[in-house]
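Subject: Structure for your review

Dear colleague,

Please find the structure below. My notes on helix packing and backbone geometry follow it.

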Amino acid sequence: MANENNNNSSLRVYLFVFFSVLLLALSIWVVWDDEFGLRPWKKYQEDYKTLKHDKLERDYKKAVVEFERSGGHKRLAELEAKLDKAETAFKSKETQEKMARLNKQLDAAHDALVVSQQELRNLRGQFLETEYYFTKTQQPEYKVKMDQLQRQIDAIGLRVAAQQKSEDSVKGSLSAIMVTKAGIQGEIAKLQNPLEEAKEKITKNNTVPVEIKQVHIADVDKADRCQSCHIGIDAKSQVSAVQPFTKHPLSFIYLERHDPTKFGCTFCHRGQGRATTSTEKAHGNVKHWDEPMLVGDMTQTSCLNCHGDIKNLRGAEKIVNSTELIKKYGCYSCHKIPGYETVGDVGPVLTEVGTKVNYSWEVKWLMDPQSYSSTARMPKFYFTQDQAESMADYLFSMSGTTRHDVDNTKNKPDAKLVEAGKALWAQSRCNLCHVTGGRGGNNVKIYAPELSKVGSKVNKEWLFRWIKNPNAYNPGTKMPRFRLTDEEINSLVAFITTEFQDEEVEYKYTQPVEIQAASIVKGKELIQKYGCYGCHKLQGMEDMVQVAPSLKKQGITFLRNAEMREKIGMELSSIGSKPVDMLDFGKMKKVISNDRLTYIKQKLRDPRGYRLGLRMPNFRLPESEINQLASVLYGFTDANVPTRFLVPSRQELDRLAGVQSYKFTGDFAKVIADVKCTNCHSIRGIGADYAPDLSYAGSKLQEGWIRKFLANPDVIRPLLQQMPKFGFTSGKPAAKITMPKFNLGQQKVEDTNRTDVDVVINFFQQELVSNDIPKKIPVIPAMTMTEQISKGKSLYDDKGCKSCHQIGTEGGAIGPNLTNVGNRLNPGFIFKHLENARKFKPDIVEPNYGFTERERIYLTNFLMTLKLDTK
Amino acid sequence: MQKTIQIRKFAVVAVLSLLVIVGCGKKPGTSGKADRKQAMSAADSAAMAIKIPFALKEGKRLFSHYCAICHGENGDGSGQYYGLTPSPANFTDKAFMKTLSNEMLFKAIMGGSASVGKSNMCPPWGKSFHGEELEFIVTYIRSLAAN
């Protein structure tokens, strides 16, 4: 019994001891884990401190080496000896006596000066008093007294000036005694400063506390702690290239405007900013966290969160190029996308397409647009022959009753006419926008159709009407009216229909065939189902509404147009932050990674792949464009951004302020609508950046030159505009690019008695002037013009301007040809342009030379002498 | 009886100290500061190799916009220039590139070719770019002769 008891109690003791030990161990573990295990950032901060310490020490050693290399010790010893000498000289009896004497002199001079100044003040008071009485009473005795006082004032004034001078001279000799000493002391400090600064930095680094670094943005209650580990992200010079200690790349762009201590990191980089326990968690690479961290180019997608207008935004180049694709493929036609509400239709008007194209072509096109042109932007809808025919029947029934083809090769036109057309084709620079046979298409953002086989597509009558007045057939077109005579148009039509033929074409309906009514009904249904009216204007379907799942966007509501039309596709305004659980992966659930970016990419790659019944067509995008588009879509979020972070676009600001955005008005608007200047030029933020910005053309260009140029455009920048900068080129650039000849100045603008050139010039001079560009440049009176010009010439030669610019036959062809610049530009513009060319074009190739004002005057005067005498 | 308790006590103390030792073993930094530093500097140079792509990408973008027109899209000095004399430098020439230090390249881009005693045909870019951008361009130019 006792033995049993004994055994029991010993078991209890054993258990007690075991659990006590366990408890103790656990407590120790808890304390340890809380202090270190869950706080990996502590180690990083300590490591960073060590690394920084090493770097600062290296810097210090470098400073010491530099100090020694430049003979610092020797120099310091010399200076100290000098200082000693100066000190003894200063302390010598002689100097001290001199100092005492000078000080006494100074006191005396100062006292005398004070007395005189007081006297002067008194006299001035008396003078004013007398003057007052004189003006009041006009009695001559006051006048006499005034003269007397004035004489006294003058005399004392002279005395004061003399006394002032003597005081200054005494002061001067006093400071001359001190200056040697002070100067030497200053030099010693200068010599030692770098060393001391470097030392100070080391001590400062040692006292930096190890602590969590949290950025809290109170307005949206968002916090991130990324900088607890990424401790050197905003360092001026990088401490280490190893993560997480690196410095932010291009921080002078990204961090200067977005102070990481105020913006935090997760607005741009996403990730799980509050997680601090592990790298995976903090970077958002964990299950059920929908926002993995963005790195590299992908991060630029976040610019869209706040910036309304990203054009010319330094650091956002990738996303700027990518957003261009939305315009290229017209995503906004079927999907709601904020910011694209006013962009025009991406496809042509189809109401009268039956008078334009061959029926056989239409059917083939509907089935597979890329079989006609490899650069076709229209996507593939996977229509069967039967479906395509029904749709073509519907389209043709709007302007006729038959299926019909016209073979343009049947009636061969006169060879001379074709020849004339060819010349006109070149002169009108059709290849600037249109690609034919793999050539042309320099102005890539116009997306003009490829014309290599157009002769088998359209009929001649339509082509004639189209060239004569494109706006009449398609009011939203980008095609300008060239103001050609009927004869010229005929030759151009003859050339186009002869030259650009499809050799493999098959015409089935050269004999017209009546269209069946049943087919029309079926075609209409298909057109409605697939939403052709999204991209094309179609008679009777202008206000077509097709409601598809639409996700309302919260957050920045003012970036959106409230009166947006409902679109056939899903609203895309918040696709970049849609919860992953709400994305329908369907058949691909087990095939692809289940995250948002992969979903978007796969959707673009195979739009109907997730499940049956989807209607989105296949754009057959190359993988590079899929990545670009996905990065843009990923940026369409409902991120909760503080209003103070938002940088609305100009239009948005105008809208908020209740002002009409800039619009062309009056006669110039008519010219623009006709010639489509903004296809290439940008004016006050409207238009493309292919050709020079004309926003300040009135201040920049001379009237005579504009007239001559519009009448007969010439090459100004032979090379630059041929560069395929955006990778959208569909063909090789045409050889010589100038502005097309629009034959301006021969016809009067509608409802006016002015020619279009007059209207353009009037508009330039009235509206397109900049206050920044002076009318005249400063004059240097001390120098003759000839001297200035010769100085300008030698500057031009010294700085190597000729490597880019041409004068006469000498020089490069990168910048504008300067042979006739004196007739082309206003001097004020040249003067300003030389100061900072980037002000006029942010990505201009011309570097900033940092010329002084004088140098700019010389150069301007020299350039203004360069004139071609042409009658 | 006394003996067994003593043995047990001993065992308990042993287990306890074992636990403490195991706990201590997990503590970071026991491998010694010097080792960690060495590891970090090794990682430093490895990270350099990873970091280069960003510099290369940005450098390439800047190069093709500002430099390629003379030096050629591939940096071989065959841009679309009209007979510049002397002709633009060929950055793909390994022997030639070996004669240039990074500092010299940096200086030549910043102050123009004239600043390193050559012709004045290449303009100074120092006032148009940030130092970091110039470094990226140098990194990219260096990479042209590497392969």
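Which residue just after α4(B) takes a positive phi? Gly112(B) does, with a phi of about 85 degrees.

This is a predicted model, in which local features need pLDDT of at least 70 and side-chain atom pairs count only at pLDDT 80 or more, while totals for chains, interfaces and linings use all residues. Residues are numbered from 1 along each chain as its sequence is written, and chains are lettered from A and ligands numbered from 1 in the order in which they are written.

Helices (H or I, at least four residues) and strands (E, at least two) are DSSP runs, numbered from the N terminus. Helix α4 of chain B spans residues 102-111, and Leu105(B), Ala108(B) and Ile109(B) are buried in it (20 or more other C-beta atoms within 10 Å of a residue's own; exposed means 12 or fewer, partly exposed in between; C-beta atoms are placed from the backbone). Seen down the axis of α4(B), these buried residues fall within an arc of 95 degrees, so they line one face of the helix; the arc is that of the directions from the helix axis to the C-beta atoms. The cover over them includes α5 (131-144) of chain B.

Two helix pairs in chain A deserve a note. Helix α26 (residues 785-798) of chain A packs against helix α29 (residues 853-863) of chain A at an angle of about 95 degrees, with axes 7 Å apart. Axes are lines fitted to C-alpha atoms, for helices over the stretch in contact, and angles run from 0 to 180 degrees between N-to-C directions. The two helices α26(A) and α29(A) are therefore roughly perpendicular (65 to 115 degrees). The residues of their contact divide into eight nonpolar, three polar and three charged. Here Ala, Val, Leu, Ile, Met, Phe, Trp, Tyr, Cys and Pro count as nonpolar, Asp, Glu, Lys and Arg as charged, and the others, Gly among them, as polar.

Helices α24 (residues 703-711) and α25 (residues 756-766) of chain A pack at about 145 degrees, their axes 11 Å apart. The residues of this contact comprise six nonpolar, no polar and two charged.

The peptide bond from Gln243(A) to Pro244(A) is cis, with omega near 5 degrees. Arg483(A), not a glycine, has a positive phi of about 55 degrees; Arg483(A) is partly exposed, with 17 other C-beta atoms within 10 Å. Lys676(A), also not a glycine, has a positive phi of about 55 degrees, and Lys676(A) is buried, with 20 other C-beta atoms within 10 Å.

Yours sincerely

Methods:
Parallel < 35°, antiparallel > 145°, perpendicular 65-115°, else oblique. Contact = placed C-beta atoms within 7 Å.
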